[in-house]
Amino acid sequence: MIVQHNMAAANNNRILNSNVRIGNSLTEKLASGYRINRAADDSAGLSISEEMRSQIRGLHQGSTNSTNGKNLLQIADGALNEVHSMLHRIKELAVQASNDTNVAADREAIDIEIQAIKNEIDKIGTETEYNTIPVFRGEQTYFKKFIPTVNSSFFQMMGNDVSHTGYMEEPLQGDYLGSIPHTDKTLNTSATATPYVGVHIDFTSIIDNNNAIQDLVGKEFYVNCCTNCCPCKFAFTNGNGVTQKYNGSQGLEISIGINDKSGNPYSTAADFCKSIVDAGTFRSHVETACDGGKLYFFDTDNNSWSDASKKLAYFCDVPSPFPPTISHVSGGFWIQTGANNSQGVQIFTGNLSTDVLNISTSNCLTRVNAQDTLERIDFATDYVSSLRSKIGAQFNCLEYSVSIDDLSAENLQYAESKIRDADMAKEMVRYATNQILVQSGQSMLAQANQTMQGILQILQ
């Protein structure tokens, strides 16, 4: 018999302490309802669970975001519904004013109401807000001023049955227009016509500010005329000057060297643009102009179009077999519908004003003007109807986003529960077993300590 080391008691004490620790962990799980309360419980499971929790909370917020987007669209649709009613009233008045049974005073009275309605339309366009944010911000894709950069891959001036990316909103103005071949300052013989640019590229920052003309090499873009008969491919190369090559159905291919004809690098953006303009007309309708370091491409026919026609002159895709187009212009309201980066949709409410509706200058003071107003109102009504159709489609898409977010969050919550939550029945069985082991361990430790009492008897 020994007194220094009671190994039976030490062994029982170790097992008892282990069972006590397990019991404490089981008690914590039963009290919290979680299988994982700290990283030590299941480090891998904790990492997966926390990632899922992040996704779940993001999806719940995405669902809320989509609902907010729906509310914004409802406000826009409500405003446009009133505009529809106003346009119907203007048409009614214009029909009335078109009748020659009216005298001048009658038409003046009619026009007073029309002008008041037009003012209210402008007021709706500028003052309709959601959370103090203007709803009609003029950022709808196909009524957006679009000034591409050299990093874009494709531009075209006009076409039909295509995806729309902008319209000819930028007028060409300035003395520099007088130097364009075959044209005067207005690009035609009319003293009142104003040409509108189809493509505008600013090389100033690239050449003058950063001296990065070398970065243009390999960049390509395309332009076309309004009749879609003059496709031109432009490519920047390491070569000299501007060269052209006709490639059958693919159209004209133009290589623009980053060096002049003598092989010397261009010193300024203005010299670079001027060399392109000096190369002449690339196709019968595709013309170029420059103003310093800004290069313009335009259709020589568009100076005779009406304002309404120019607003329908979309930048658009060239049909096959021509190369792919640029992405749609970014704009509108970004709605973050998902939990991760770039998971969302762009919603558009368009622009709303009498200028956009092409009725800002309309009146009914004469029968001729009243007839013109009728034509303009038809265009305006179609435009508003188109906006409302797109708003309705976007509203339905956000409805789907809400449903998808809610369903995804529910499924993720189920998966996360399987990892993180405790099975209470299973843990209760383990807890009962542990309690028996702890109590038996305490009894055995007492028995092991009792055996030492025999040594005292021997000493007596």
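Visitor: Are Phe203 and Phe236 buried or exposed?
Guide: This is a predicted model, in which local features need pLDDT of at least 70 and side-chain atom pairs count only at pLDDT 80 or more, while totals for chains, interfaces and linings use all residues. Residues are numbered from 1 along each chain as its sequence is written, and side-chain values use heavy atoms, with hydrogens and water left out. A residue is buried under 20% relative accessible area, exposed over 50% and partly exposed in between (1.4 Å probe, protein chains only). By that rule, both Phe203 and Phe236 are buried.

Visitor: Which kind of pair do the rings of Phe203 and Phe236 form?
Guide: Rings of Phe, Tyr and Trp (its six-membered ring) pair if their centres lie within 6.5 Å; planes under 30 degrees apart are stacked, over 60 edge-to-face, and the rest tilted. The count here comes to 4 aromatic pairs. For Phe203 and Phe236, the centres are 6.0 Å apart and the planes stand at 70 degrees, so the pair is edge-to-face.

Visitor: How many residues apart in sequence are the parts that this pair ties together?
Guide: Helices (H or I, at least four residues) and strands (E, at least two) are DSSP runs, numbered from the N terminus. Phe203 lies in the loop between strand 3 (199-202) and helix 4 (204-209), whereas Phe236 belongs to strand 5 (residues 232-240). The pair therefore ties together parts whose separation in sequence is 33 residues.

Visitor: Which residues do ring pairs link into a cluster with Phe203 and Phe236?
Guide: Tyr266 and Phe272 form an edge-to-face pair, 5.2 Å centre to centre with 75 degrees between the planes. Tyr266 is buried, because its relative accessible area is 11%, and Phe272 counts as buried at 0%. Linked by ring pairs to Phe203 and Phe236 are Tyr266 and Phe272.

Visitor: How far apart are the end C-alpha atoms of helix 3?
Guide: The expected span of a helix is 1.5 Å times one less than its number of residues. Helix 3 (residues 104-127) has 24 residues, so it should span 34 Å. The distance between its end C-alpha atoms agrees: 34 Å.

Visitor: Which residues does Ser401 touch, not counting residues up to four places away in sequence?
Guide: Ser401 is in helix 7, and its relative accessibility of 13% is why it counts as buried. Contact means heavy atoms within 4.5 Å. With that exclusion, the residues touched by Ser401 are Ser66 and Thr337.
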